Amino acid sequence: MSSFIIITAVTLLALGIAAFLIFKKRSHKAVVTQSSQPLTDNYQQLLQQQVAYYQKLDAASQARFQGLVAEFIQTVRIEGVGLEVDDLDRLLVASSAVIPIFGYQEWRYKNLTNVILYPDTFNNDFQFEGESRNIMGMVGSGYMNGQMLLSRAALLKGFSSQSGKQNTGIHEFVHLLDGADGATDGVPEYLLAHEYAQPWLRMMHQEINRIEKGHSDIDPYAATNEAEFLAVAAEYFFEKPEQLQQKHPEMYEQLCRLFAQNPAADL
Ligand SMILES: [Zn+2]
């Protein structure tokens, strides 16, 4: 009799634990689903007004872009130092993140928890070894792992009509993409099939050579190293695709392959 009670009690306990685990799993799932709520009307309006890349997409791609922006805003903390973060700031950070990965349906930034906005360049607040350029953005490493710092002034300028070939937000997210394989070295191994890495490096070194001789229209900062070359070339690719295609057809083609996108083509 007593062993029957023990068996019943154990069975009930096991059932209870199983029910709890199932419930827990369900409620975890619910949180995940909840995290991709649709974008508010204000965000949608801002996207339409401020993000040229988004304006060129067809309706289905716009819906997908919105979903990725919403997911980003709900999963990465965007904070301000000495400023109040508003909807436009959040939207432009998220758009900078989504644009470089839009060709890859499944890609998510794994090494990012916070984006910290500063009012302007922050070379006076941080010391960087051998860096004289005003810092407009950086991806943290070491104790700053998972953090991205961005100048809000540079972020806004990148999406304005005066941005030219520059977009600081895109630049920093391309560094993150590049570093996802463990090395921020201008060769994003997850995106670039092995056989294309050598031609990409060769082309990159030729162009760095031209930049150093003053024979290139690419921002000289690209000649700093391979990682900066990739980030600067990506800004040009997404901001002025037609111009890049015309002036640097081979580079354009390689970047189309790397990002799985063709921004100069009519959509
Ligand atoms: Zn950089």
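Along the chain, the donors of the zinc ion follow the spacing H-x3-H-x52-E. Keep in mind that this is a predicted model.

**The zinc site**

- The protein donors of the zinc ion are His-171 (NE2), His-175 (NE2), Glu-228 (OE) and Glu-228 (OE), and they lie 2.1 to 2.7 Å from the ion.
- His-171 sits in helix H7 (residues 168-179) and Glu-228 in helix H9 (residues 226-239), so this pair ties together parts that are 57 residues apart in sequence.
- The angles among the four donor atoms run from 52 to 144 degrees, and the site of the zinc ion is irregular.
- For comparison, the ideal angle for four tetrahedral donors at a metal is 109.5 degrees.

**A word on helix pairs**

- Two packed helices are described by two values: the angle between their axes and the distance between those axes.

**Helices H5 and H7**

- On the H5 side you can look for Val-93, Ser-96, Ala-97, Ile-99, Pro-100 and Ile-101, which meet Gly-169, Ile-170, Phe-173, Val-174 and Leu-177 in H7.
- Sorted by class, the residues of this contact of H5 with H7 are nine nonpolar, two polar and no charged.

**Helices H2 and H4**

- Helix H2 (residues 41-50) packs with helix H4 (residues 59-75) at an angle of about 120 degrees, and their axes are 12 Å apart.
- H2 and H4 are therefore oblique to each other, and their crossing is right-handed.
- From H2, the contact uses Tyr-43, Gln-44, Leu-47 and Gln-48, while H4 brings Gln-62, Phe-65, Gln-66 and Ile-73.
- The residues of the contact of H2 with H4 divide into four nonpolar, four polar and no charged.

**Helices H8 and H11**

- Helix H8 (residues 194-212) and helix H11 (residues 249-259) have axes 11 Å apart and pack at an angle of about 140 degrees.
- H8 and H11 are therefore oblique to each other, and H8 passes H11 in a left-handed crossing.
- Tyr-196, Pro-199, Trp-200, Met-203 and Glu-207 of H8 make the contact with Glu-250, Met-251, Gln-254, Leu-255, Arg-257 and Leu-258 of H11.
- Which classes of residue does the contact of H8 with H11 have? There are seven nonpolar, one polar and three charged residues in it.

Conventions. Residues numbered from 1 in each chain as written. Predicted model: local features only at pLDDT ≥ 70, side-chain atom pairs only at ≥ 80, totals over all residues. Heavy atoms only, no water. Axes fitted to C-alpha atoms, helices over the stretch in contact; angles between N-to-C directions. Helix = DSSP H or I, 4+ residues; strand = E, 2+ residues; numbered from the N terminus. Parallel < 35°, antiparallel > 145°, perpendicular 65-115°, else oblique. Left-handed = near helix turned anticlockwise from the far one by under 90°. Contact = heavy atoms within 4.5 Å. Nonpolar A, V, L, I, M, F, W, Y, C, P; charged D, E, K, R; others polar. Donors = N, O, S within 2.8 Å, 3.2 Å for Na, K, Ca; no water. Tetrahedral: all angles 85-135°; square planar, octahedral: opposite > 155°, others 65-115°.
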